[in-house]
Each structure stands twice: as C-alpha cells, then as structure tokens.
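Work through these exercises with the coordinates open. Try each task before reading its solution.

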Amino acid sequence: MKKHIEYKTTGTCSRQIDIDVEDGVITDCKFHGGCMGNTAGVAALVRGMKAEDAIGRLRGIKCGFKPTSCPDQLAIALEKALAEEK
C-alpha cells in the first residue's frame with residue numbers, strides 16, 4: 001500500500017517532512033528547512049530502507065542540547081504512520 005505523509009516537525013530547524021512509503025519501504029523523503037546538507041543526506045540514506053529499520057536507527061538522536069533532531073522527527077513521523085495502519 002502506498003502512503004504519503006506530511007509531518008509538521010517540532011523542536012527542530014526543519015518545518016516539515018514529506019515522506020512516501022510503499023509496502024513498508026520509504027520511496028521518497030524531503031525535509032523543508034533545516035540544515036540543507038544534513039537533511040538531504042538523511043533523506044538520501046533512508047530511500048529504499050524499510051520504515052522499521054529507519055526508525056530503529058534514527059529514533060532518539062538529539063541535535064546539540066535539543067531533546068530531538070531532524071532524524072528523530074523523521075522516526076517519529078514514521079512511527080505515527082505505521083501506528084495508523086494497524
């Protein structure tokens with residue numbers, strides 16, 4: 001099943017993450033705002049990855065003294081999307 005997610009981030013420089021997931025695999029990911037090189041790199045790395053694997057690798061990553069980060073927000077968005085499917 002194909003799903004498009006528009007997730008409004010909190011606590012990060014990025015404002016939103018757009019994610020496409022098909023049959024549990026991330027097919028596209030784009031951050032709006034944030035550190036361009038870092039977010040583009042994270043987006044490129046997760047393309048083709050199973051959503052559960054991305055969550056396992058990215059959840060809990062912090063940015064400096066912030067309690068979250070752009071990768072952590074991506075994991076949270078994926079967790080919410082997977083929970084909605086159940």
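A pocket here is an open set of grid points with protein on both sides within 12 Å along at least five of seven lines. The model is predicted.

**Exercise 1. The largest pocket**

Task: Find how much space lies in the largest pocket, and which elements give two or more residues to its lining.

Solution. 
1. Start with the volume. The largest pocket holds about 180 Å³ of space.
2. Go to its centre. Of 16 lining residues, C35, C63, S69, C70 and P71 are the closest to that point.
3. Sort the lining by element. Two or more residues come from α1 (36–46), and likewise from α3.
4. α1 gives the most, with three residues.

**Exercise 2. The cavity**

Task: State how many cavities of 30 Å³ or more the whole structure has, and what lines the largest cavity.

Solution. 
1. Rolling a probe the size of a water molecule over the atoms shows where empty space is left.
2. Count. The search of the whole structure returns one cavity of 30 Å³ or more.
3. Size it. The volume of the largest cavity is about 30 Å³.
4. K3, I5, V21, A51, L78, A81, L82 and E85 line the largest cavity.
5. Assign elements. At least two lining residues come from β1, and at least two from α3. The most come from α3, which gives four residues.

**Exercise 3. An aspartate in a helix**

Task: Decide whether D72 is buried or exposed, then describe its surroundings.

Solution. 
1. D72 sits in helix α3, residues 70–85.
2. Apply the cut-off. Buried means under 20% relative accessible area. D72 has 2%, so D72 is buried.
3. Look for a polar partner. A polar atom of the D72 side chain lies 2.7 Å from the backbone nitrogen of G60.
4. Leaving out residues up to four places away in sequence, D72 touches L58, R59, G60, I61 and P67.

Note on methods: Residues numbered from 1 in each chain as written. Predicted model: local features only at pLDDT ≥ 70, side-chain atom pairs only at ≥ 80, totals over all residues. Heavy atoms only, no water. Buried < 20%, exposed > 50% of the residue type's maximum accessible area, 1.4 Å probe, protein only. Polar contact = N/O pair within 3.5 Å; in protein donor to acceptor, adjacent residues only side chain to side chain. Contact = heavy atoms within 4.5 Å. 1 Å grid on protein atoms, 1.4 Å probe; cavity = no way out; pocket = protein on both sides within 12 Å on 5 of 7 lines; lining within 4 Å. Points joined across faces, edges and corners; volume = space filled by probe spheres on them.
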